[in-house]
Structures are given as C-alpha cells and as structure tokens.
Amino acid sequence: MTDLLQALVLGLIQGLTEFLPISSSAHLAIFPKFFGWEDPGAAFTAVIQIGTELAVVIYFWRDIWNIAGGWLRGLVKPAARTTLEWRMGWFVIIGSLPIVVLGIALKDAIESDFRNLWVIATMLIVMGVVLGICDRLGRLDRKIEDLTVRHAVLFGLAQAMALIPGVSRSGATISMGRALGYDRAAATRYAFLLAIPAVVGAGLFQLPEIPGGDNAYGVGATILATVVSFVVGISVIHWLLQYVSKHSYTPFVIYRIGLGTLVLALLATGTIAAGTTVG
C-alpha cells in the first residue's frame with residue numbers, strides 16, 4: 001500500500017510537470033528526497049513518462065494523423081512532398097535523432113552521475129536563466145510553418161540536453177524555439193510533437209528494468225503512476241497551450257531558480273544528501 005501511495009503521488013508530479021518547462025525528471029528525483037522516500041530510479045521515471053506522452057498523442061491526434069499520413073503519402077507520391085505534413089514528418093524524425101543516439105551512448109551516466117542532486121539543482125537554475133533570456137530577447141515572428149531542417153536539428157540538440165535531469169525537455173526545446181524567433185505557441189507545440197518518439201522510445205527501452213532493475217517500485221505501482229500521469233497530463237497540455245498564447249514563461253523561470261536554490265541550500269547544509277546517485 002505504501003508503494004502504491006508513493007507511486008500515485010509521483011504519477012501526479014509527473015503529470016503536472018512533464019509539459020511545463022520545469023523538468024519532470026528533476027521533480028521525480030527531488031521530491032522523494034523531501035518526503036524521505038527512496039529514489040524511484042531512471043527506469044521508473046522513463047516508463048511513467050509514457051503516460052504523459054499518451055496524453056500528447058490523444059490531445060494532438062489530429063496533427064499526428066495528418067503528419068503521419070502526409071509523410072507516408074510523400075514516400076510514394078512526389079506531389080505530396082510539397083506539403084507541410086511531409087516536411088513536419090521529416091522534422092520530427094530528424095529532431096529525434098540526437099536524443100536517441102546520445103541516450104544510448106550515455107545510458108550509464110543517465111542512470112547514475114546525471115541523477116546527482118548537485119547537478120540537477122544547478123541545471124534547474126542555469127536552464128531557467130537560459131529560458132528567461134531566450135523568451136525575453138527572442139523574436140515572435142516565426143510560426144511552425146517556418147520550420148527548416150537546420151532548425152529541426154537545433155531543436156533536436158536542445159531536446160537531447162534533457163537527458164540531464166533538471167534541464168527539462170520542453171524547457172530546452174522551447175528555449176531553442178524562442179532563440180530562433182518562433183512564437184511561444186509554435187515552440188511549445190513542436191516541443192510536444194518532438195517529444196513523442198523520444199519519450200516513448202526511452203520508456204520502452206527501460207521497460208525490461210521495471211520488474212527488478214533500476215526501479216524502486218513493482219509493476220503494479222509503476223502502472224498506477226503511469227495512468228495517473230496520463231490523466232493529469234492531458235489537462236496540463238490544454239492549460240499550457242492556452243497560457244502561452246497570452247503570457248510569457250517568467251513564472252516558470254522564477255520557480256526553477258527558486259527550487260534549484262532551495263535544493264542547493266539543503267545540500268550545502270547537509271539536510272539532504274546528493275550521493276553518487278540520488279537516493
């Protein structure tokens with residue numbers, strides 16, 4: 001029962017934080033420390049993210065259907081290669097390559113060194129500052145229709161930085177989008193679409209670890225957390241897209257810096273321990 005309750009809370013945290021530019025993986029590493037719980041592990045973190053990505057698939061099912069259909073038509077019909085859907089299909093594929101390659105190459109570091117709380121807290125602050133600067137100084141004259149191969153690669157490289165907890169997948173890609181001059185809605189929308197292959201792939205890659213590997217919980221608790229993250233995540237997507245159409249990312253910047261500073265202070269005073277791995 002304790003495991004199920006903890007998994008429910010962590011699923012709630014995952015659903016609330018996955019799409020906001022504040023790093024869900026950082027929260028899943030930090031908050032168990034606050035509660036005195038064991039580190040849930042990289043496998044648990046990766047697998048329950050499948051729940052939030054399922055929320056993306058359902059919320060953007062029409063976009064995904066159109067992109068997939070347009071890309072497939074373009075493979076057999078040259079005339080279809082002039083459409084935005086054809087280009088977007090390739091942009092999602094191209095943008096996903098960096099995180100796939102680096103995720104496999106850095107698997108051991110992701111499961112150990114990168115989960116050190118000193119690293120996580122520092123990245124919360126640093127990338128919070130980056131997000132604030134990019135959002136304040138970036139132009140707002142590019143739409144998702146203006147995406148190019150070069151920009152897709154840059155978005156992909158930014159997303160790959162989220163292999164380090166504390167960076168935030170959405171935060172890094174949104175920062176890159178704002179630096180390239182995309183408006184907030186376009187940067188956020190593409191960040192969501194780009195995350196689907198990466199997150200689902202990472203979750204499936206880590207799935208074999210759930211029964212007894214790098215996971216503090218059993219199969220049942222992991223399933224519960226995944227379901228909760230899906231239910232909460234789909235509501236957060238809708239709220240965030242509405243929010244960014246009218247507001248800046250400043251509240252998220254302040255929150256990131258505040259949380260990172262708090263964690264550093266707790267580490268410095270010995271209130272919580274970083275460890276070689278979190279936990």
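The second largest pocket of this predicted model is lined by Val57, Ile64, Ile67, Ala68, Trp71, Gly89, Val92, Ile93, Leu193, Ile196 and Pro197. The elements that give two or more residues to this lining are helix 4 (61-76), helix 5 and helix 10, and helix 4 gives the most, with four residues. A pocket is here an open set of points, on a 1 Å grid over the protein atoms alone, where a 1.4 Å probe fits and where protein lies on both sides within 12 Å along at least five of seven lines, while lining residues have an atom within 4 Å of a point. Helices are DSSP runs of H or I with at least four residues, numbered from the N terminus. By class, the lining of the second largest pocket has ten nonpolar residues, one polar residue and no charged residues, where Ala, Val, Leu, Ile, Met, Phe, Trp, Tyr, Cys and Pro count as nonpolar, Asp, Glu, Lys and Arg as charged, and the others, Gly among them, as polar. The space in this second largest pocket is about 210 Å³, a volume being the space filled by probe spheres set on the grid points, which are joined across faces, edges and corners.

Residues are numbered from 1 along each chain as its sequence is written. Because the model is predicted, local features need pLDDT of at least 70 and side-chain atom pairs count only at pLDDT 80 or more, whereas totals for chains, interfaces and linings use all residues, and side-chain values use heavy atoms, with hydrogens and water left out.

The largest pocket holds about 560 Å³ of space. Its lining is made up of 27 residues, of which Ala46, Ile110, Leu163, Arg169 and Ala202 are the closest to the pocket centre. At least two lining residues are supplied by each of helix 2 (24-35), helix 3 (42-59), helix 5 (84-105), helix 6 (107-111), helix 9 (169-179) and helix 10 (184-206), and the largest share, six residues, comes from helix 10. The lining of the largest pocket divides into 13 nonpolar, ten polar and four charged residues.

Two individual positions were also examined. Val47, placed in helix 3, is buried, with a relative accessible area of 6%, where buried means under 20%, exposed over 50% and partly exposed in between, for a 1.4 Å probe and protein chains only. Trp61, in helix 4, counts as partly exposed at 48% relative accessibility, and Trp61 and Gly138, 77 residues apart in sequence, are 29 Å apart in space, C-alpha to C-alpha.
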